[in-house]
Each structure stands twice: as C-alpha cells, then as structure tokens.
Amino acid sequence: MESFLISKSGLKPLPRIYIRPISGLVPRNYFSKPRFLHTSKCFSDLKVTTPLKVASVEEDEEINERMHGINKIGEQEEETIIDPAAPPPFNLADVRATIPQHCWVKDPWKSMSYVVRDVALVLSLAAAVVYVNNWLVWPLYWVAQGTMFWALFVLGHDWLNWNTLCSGHGSFSNNPKLNSLVGHLLHSFILVPYHGWRISHRIHHQNQGHVENDESWHPLTEKTYMSLDNNELTWRFKFPFPLLVYPFYLWGRSPGKTGSHFDPNSELFVPSERKDVITSSLCWTAMAAILVGLGFTMGPMLLLKLYGVPYWIFVIWLDFVTYMHHHGHQDKLPWYRGKEWSYLRGGLTTLDRDYGWMNNIHHDIGTHVIHHLFPQIPHYHLIEATKAAKPVLGKYYREPERSGPLPFYLIGVFIRSLKEDHYVSDTGDVVYYKTDPNIFKSA
C-alpha cells in the first residue's frame, strides 16, 4: 500500500552516490556496504523517512550487474603487476603508521638475554669439541660454531648507535654507552672493527639502492666493471670466491671505492668520528694479539680448528646473507640515481629471505625490508612489524620463497645472480643489472 501511494506521488529518489576511494584501486569489498550521502536535510520540508520510490526487480538487477562489473575492474587492477621503478603510492609515514606501537619498544633485558644465550652456546660448543676431540665431530663443530659467530655479528649489528634523522640501529637499548660496550665486545671477538663498520653500515642504510652512494654490494658501473682485471672479476663474480671477500672489504672496500675501516683518515669518516675509529681499531688489535698468544699457548693447529675455520664459516654467512638481501630476485629490480632515488624507494628494493631453521638462530635477519626502512625496531619485533606493514606495502613487498629446514635453494639463486648481475649503465636515473656473456672467456 505504501509503495502504491509513494509511486503515485510522482516523486523520484536521488540516485545512490558512491564516494571514490583516495587511491587509484577500488578495494574488492568496497561496494559490499553502499555508502549514501546524507539526504535527510534535503528532504526536511517533505518530512519523508522512507524511500521515495521502490526500485523494480529489473532496476536492482541492472545495478547489481553494474557493481559486479566495477568490482571485476578493481580485481583486474589489483592483479596488475607493478612497475618496480615507479614511485610507490604511499610514503614512509604510511608504512610507519601500520606498525603496532609496542614493536618500537626496546627491552634491554630481553636483548641481553639473546647475548647470554649466544655466548653460552659458543663456549659450550668449544668445550664439547675439545672434550670429544674426534675428527668426525670437528666438521660439525665448524659449521655450528661459524653459524654462532654469525649470530654474534647480527647481535652486534643491532647494538649499533646512529645519531641520524632517517635511520639508526641502537635497536637493543636506548643507552648509547651500553650499546657501544656490548657491540665492541661482540664484534671485536669476531675481528670486526665496531665503529668503522658501524659508520660504513650507516652509509649503506642511508643510501640503499643508490648506484654510487650505496656501500654494501652496490652495483658496479659499466666503466668500473670494464676496468677490472681477471683476478678482480673472479673475486667478485666466480663462485665461491665472493663468499670470502668480507675481511678484504674491511681493509680496502669495494671496487671503485677507496679507504679502510681501520684508517681514521679514510674518506669513510668525518673528523669527528676519528676517535671512535681509533678505539675500534685498538680493540681489533687487542683481539688479534690474544689470538696470537693463544696460538703459542695451545698450538696453531688447535687454534685453527677452534677459531680459524669457524671464522671463515662466519664470513661465508655474512657475505651470502648480505648479498641475497639485495640481489637475486626473479624479476630485475631497479637501482637509482639523482632525483629518482629516495630513502623509501631504495629500501623497497631490499628482499626478505627465509632461512628455515636458521631464522631464529640468526635473529630473524631475513626480515630485511622493514629492518631497512626502520632499523630502530628490535629484531624480536621484526616479524610482527612486517605482517602489519604488508597491507600498505602491497606488491612492493616481495614475498620470500619458503625454505626447507636449511636454505639450500638459495645457493642456486646466489650462483644464478653471480652469472647475470654484472654491471649497470653509467648513465640514467633508473637502471638495471646487465649481463656480460663473455665475462670469463678471456680468463
């Protein structure tokens, strides 16, 4: 009866108006709850509280078909592959806002518990292998202890203090002196100059994805690549030699760059950092002296087995993981120069990796994207922070391939990248790796 009276009045309702979302994509469920403009004010004189006209079945079907078509377009847009070189449709603040507040909280007691755990494991492994002293056990010890040295490095890496605007680790506590003390102890034990590497690693984070300014496994320009001799090409690109370069990098940096992590006058450092560099170099020298003394005390062979071989396993881990977080994706990822580079765009070219059982042992270093964007987040919150940020990151976050118990599959990815990712163009603000098919033919 009401429908009959309303239809006879000759009045027609306003069409439903749908508010466009801010972003270019229409969410899949955006139209599941239609949004109507408030029209009660418009009809205040009519005192109408019911729809002015009941839509017919045909009209409902037409509207449903139209909405279904719009949703299909939205789904197609969602499935479109993004251009990795294009600026993302979000900014750093958008990503930060998704991360729960407690993920930023640093608990020094919890942080120290990881240090105690890892140091206890290092000492226990050494004591156990000396007690057993069987050649069947020594290879197992080398792999296990080298992996624990790598875990100590990751912890020392998280104690870094950076007094910078964009980024800084210091993710284990808010006490700079405590961070520096523990960082020195952990890194000096594995022959890493704490401050020297801290500063170069800061440069890496602040310039990730920049062709010239990045510091860690940055691409070689074509001009620099062509200037390398066969020996340098071998150490950079022929497996397994790239897995052994870290100690040499500390002394001489990468091809195309000069300076040393031990030299306070190196171009790596500004004058105000020279005292820190000297302090770390002295700590490194003290550890080297202790090792020499142990060599005379216990004999060089036992020292080699207890410390020397695990040290090189640690170096392999460090070079492998660092490389894999910035290379080897199935799709070519861009490197930037000039106005095309930004902290966010550079950070989004990093890659998460799954290391299976190793994830917990080396403190979830594989959750690398969020670590690069927000290095202040403690490692024990990185997984949760990554999950929270994924909806905003969208396809700019590249889901890592899932590993078995041990990440053997990554060895193949590493070797493939060494064969394909050789250099980038000398010019251009957005560049990609190119392959030299004749790299070793003249060797």
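Analyst: Start with one term: a residue is buried when its relative accessible area is under 20%, and exposed when that area is over 50%. Values in between count as partly exposed. The model here is predicted.

User: Is H363 buried or exposed?
Analyst: H363 sits in the loop between α14 (358-361) and α15 (368-373). Its relative accessible area is 2%. The cut-off for burial is under 20%. So H363 is buried.

User: What is the phi angle of H363?
Analyst: H363 is a residue other than glycine, and its phi is positive. The value is near 60°.

User: Which phi value does W217 have, and where is W217?
Analyst: W217 is buried, with a relative accessible area of 10%. Its place is in the loop between α7 and α8 (222-227).

User: What percentage of the residues is buried?
Analyst: The protein has 443 residues. Burial again means under 20% relative accessible area. The buried share is 46%.

User: What share of the contacts joins residues 24 or more positions apart?
Analyst: Count the contacts with a separation of 6 or more. Then take those between residues 24 or more positions apart. Their share is 73%.

User: How many aromatic pairs does the structure hold?
Analyst: Two rings pair if their centres lie within 6.5 Å. By that test, the structure holds 29.

User: Are the planes of F239 and F414 stacked or edge-to-face?
Analyst: The ring centres of F239 and F414 are 6.2 Å apart. The angle between the planes is 70°. Over 60 degrees counts as edge-to-face. So this pair is edge-to-face.

User: How many residues apart in sequence are the parts that F239 and F414 tie together?
Analyst: F239 lies in the loop between α9 (230-237) and α10 (246-252). F414 lies in helix α17 (residues 409-420). The pair therefore ties together parts whose separation in sequence is 175 residues.

User: What angle lies between the planes of W335 and Y433?
Analyst: W335 and Y433 form an aromatic pair, 6.3 Å centre to centre. The pair is edge-to-face. The angle is 80°.

User: Why does the pair of W335 and Y433 tie together parts of the chain?
Analyst: W335 lies in strand β1 (residues 335-336). Y433 lies in the segment after β2 (430-431). So the pair ties together parts that are apart in sequence by 98 residues.

User: What bond joins F239 and P240?
Analyst: P240 lies in the loop between α9 and α10. The omega angle between F239 and P240 is about 10°. The bond is a cis peptide bond.

User: Which side chains have a polar contact with H204?
Analyst: H204 lies in helix α7 (residues 194-206). At 2% relative accessibility, H204 is buried. Another, of 3.2 Å, runs to H372.

User: How far apart are the C-alpha atoms of W235 and V245?
Analyst: W235 lies in helix α9. Leaving aside neighbours within four places in sequence, its contacts include V245. Along the chain, W235 and V245 are 10 residues apart. Their C-alpha atoms are separated by 7.3 Å.

User: Is K441 buried or exposed?
Analyst: K441 has its place in the segment after β2. Its relative accessibility is 67%. Over 50% counts as exposed. So K441 is exposed.

User: Over the face of which ring does K238 lie?
Analyst: K238 is 4.4 Å from the ring centre. The ring belongs to F440.

Definitions and conventions: Residues are numbered from 1 along each chain as its sequence is written. Side-chain values use heavy atoms; hydrogens and water are left out. Rings of Phe, Tyr and Trp (its six-membered ring) pair if their centres lie within 6.5 Å; planes under 30 degrees apart count as stacked, over 60 as edge-to-face and the rest as tilted. Helices (H or I, at least four residues) and strands (E, at least two) are DSSP runs, numbered from the N terminus. A charge sits over a ring if NZ of Lys or CZ of Arg is within 6 Å of the ring centre and within 35 degrees of the ring normal. Buried means under 20% relative accessible area, exposed over 50%, partly exposed in between (1.4 Å probe, protein chains only). A polar contact is a pair of N or O atoms within 3.5 Å; within protein, one must be able to donate a hydrogen and the other to accept it, and residues adjacent in sequence count only if both atoms are side-chain atoms. Contact means heavy atoms within 4.5 Å.
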